[in-house]
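Q: I'd like to learn how to read a model like this one. Please take me through it feature by feature.

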Amino acid sequence: MASVKYVFEKGSKSVKMFTVQAKACKKTENSPMKPLLVASPVEEGDYPVVVFLHGYLLYNSFYSQLFNHVASHGFIVIGPQNSSLRLVERVNNFRQEETETSALYVVSGADTTEEIKSAASLLDWLTHNLASTLPPQVRPDLTKLSIAGHSRGGKVAFALALGKVVSSPIKISTLIGIDPVDGMDMGNQTPPPILTYEPNSLKLDMPVLVVGSGLGELKRNALFPPAAPKGVSHEQFFNECCAPACYFVAKDYGHVDMLDDETKGFRGNLTYCIAKNGKERKPMRLFVGGIMVAFLKAYLEQEKGTLMAIKDNPGVAPVEVSTCSFLERIN
């Protein structure tokens with residue numbers, strides 16, 4: 001099984017990770033005006049592009065190890081910093097910030113409309129500006145574009161793929177939801193709602209991967225609700241997908257266990273106390289990165305053997321997989 005396990009290990013490509021500051025972006029009408037974290041192979045070549053939207057109140061930098069893993073297998077990964085932190089960042093006093101952050105976490109978040117528009121604007125910006133930011137002789141292949149997101153970012157990724165609020169300015173080839181969350185509970189979805197509670201109702205013209213956490217729907221303590229409440233998270237998202245769609249759940253890992261081993265600062269420390277976690281982050285991060293790579297290679301590069309081998313024997317993964325389900329077998 002060594003040929004299958006390679007996706008759960010660092011790939012053969014050397015990776016350059018860098019930031020593109022908003023002030024350095026060409027200020028056109030369609031400029032996203034968001035700082036970007038980019039992980040790119042450095043070897044000459046044409047590479048598919050993955051846009052990854054971070055979770056609520058998190059930093060894109062918290063995913064740097066995950067981005068590096070995926071990029072090392074031959075993908076350009078771009079993580080914009082969304083605007084959901086702006087309200088918190090206006091608060092200068094640490095104690096005020098702590099109170100504000102807690103309040104923001106335990107109530108339904110703001111309308112995601114602006115985040116959806118921002119993601120669409122970023123895709124438009126990429127078509128004109130991405131190539132000039134990359135290492136020499138690295139060429140982005142935007143005909144192989146994947147939109148991915150974690151938690152609230154997963155909801156935004158689904159919304160953009162579905163054409164909620166705005167249509168994507170370029171064709172999206174694949175969609176990935178990493179423990180996506182559509183709100184606080186059934187009937188308490190953040191607008192615009194994604195889930196309809198009708199099986200196979202999400203008419204997505206692209207293959208979909210949904211990855212869930214087994215501990216996400218459990219409370220860590222009495223102070224915080226579950227990070228990925230049952231009924232508005234990964235299981236329901238998959239149930240509403242149409243074929244082709246793949247679904248994996250890591251049994252003993254939590255909602256933020258795919259983040260970097262060290263997430264510093266107040267928000268970084270918060271990730272260790274707001275959600276129920278597994279014993280360590282590395283296995284979940286390797287699992288998420290590996291499944292993403294296997295899925296992307298299957299549907300963007302027509303290399304389907306690895307994904308099918310994991311489906312047939314999920315024991316090769318670095319975590320225990322409690323659910324492995326495909327709506328359509330990959331031929």
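A: Let's start with names: helices (H or I, at least four residues) and strands (E, at least two) are DSSP runs, numbered from the N terminus. Leu57, for instance, lies in the loop between S3 and H2. This is a predicted model, where local features need pLDDT of at least 70 and side-chain atom pairs count only at pLDDT 80 or more, while totals for chains, interfaces and linings use all residues. Residues are numbered from 1 along each chain as its sequence is written, and side-chain values use heavy atoms, with hydrogens and water left out.

Q: Which peptide bonds are cis, and where do their prolines sit?
A: Check omega. From Pro191 to Pro192 the bond is cis, with omega near -10°, and Pro192 is in the loop between strand S8 (188–189) and S9. Ala243 and Pro244 are also joined by a cis bond, with omega about 0°; Pro244 belongs to the loop between helix H7 (234–239) and S10.

Q: What is the strand order in the open sheet?
A: Two strands pair if DSSP finds at least two bridges between them. Here nine strands make an open sheet in the order S1-S2-S4-S3-S5-S6-S9-S10-S11, with mixed pairing. Strand S1 (15–20) and strand S11 (321–326) are the edges, each pairing on one side only. On average, neighbouring strands of this sheet are turned by 15° against each other, ignoring direction; axes are lines fitted to C-alpha atoms (for helices over the stretch in contact), and angles run from 0 to 180 degrees between N-to-C directions.

Q: How many bridges join S10 to S11?
A: Five, between strand S10 (residues 245–250) and S11, which run antiparallel. Tyr247, for one, has Ser325 in S11 as its bridge partner.

Q: Which helices touch strands of the sheet?
A: Think of contact as heavy atoms within 4.5 Å. Helix H2 (residues 64–71) lies across S1, strand S2 (36–41), strand S3 (45–53) and strand S4 (76–80), at about 30° to S2. Helix H6 (residues 152–162) packs on the sheet too, touching S3, strand S5 (138–150), strand S6 (174–178) and strand S9 (208–213), and its direction makes about 120° with that of S5.

Q: At what angle do H2 and H9 pack?
A: Two packed helices are described by the angle between their axes and the distance between the axes. H2 and H9 pack at about 35°, with axes 9 Å apart. Gln65, Leu66, His69 and Val70 of H2 meet Arg285, Leu286, Val288, Gly289, Gly290, Met292, Val293 and Leu296 of H9. By class, the residues of this contact are seven nonpolar, four polar and one charged; Ala, Val, Leu, Ile, Met, Phe, Trp, Tyr, Cys and Pro count as nonpolar, Asp, Glu, Lys and Arg as charged, and the others, Gly among them, as polar.

Q: Which residues line the second largest pocket?
A: On a 1 Å grid over the protein atoms alone, a pocket is an open set of points with protein on both sides within 12 Å along at least five of seven lines, a cavity is a set where a 1.4 Å probe fits but cannot get out, and lining residues have an atom within 4 Å of a point. This pocket is lined by Glu9, Lys10, Gln65, Asn68, His69, Lys282, Arg285 and Leu286. H2 and helix H9 (282–300) each supply at least two of its lining residues, and the lining has one nonpolar, three polar and four charged residues.

Q: Which helix gives the largest share of the second largest cavity's lining?
A: Helix H5 (residues 113–133), with four residues. The whole lining is Lys34, Leu53, Pro80, Gln81, Asn82, Glu115, Ser118, Ala119 and Leu122, or four nonpolar, three polar and two charged by class.
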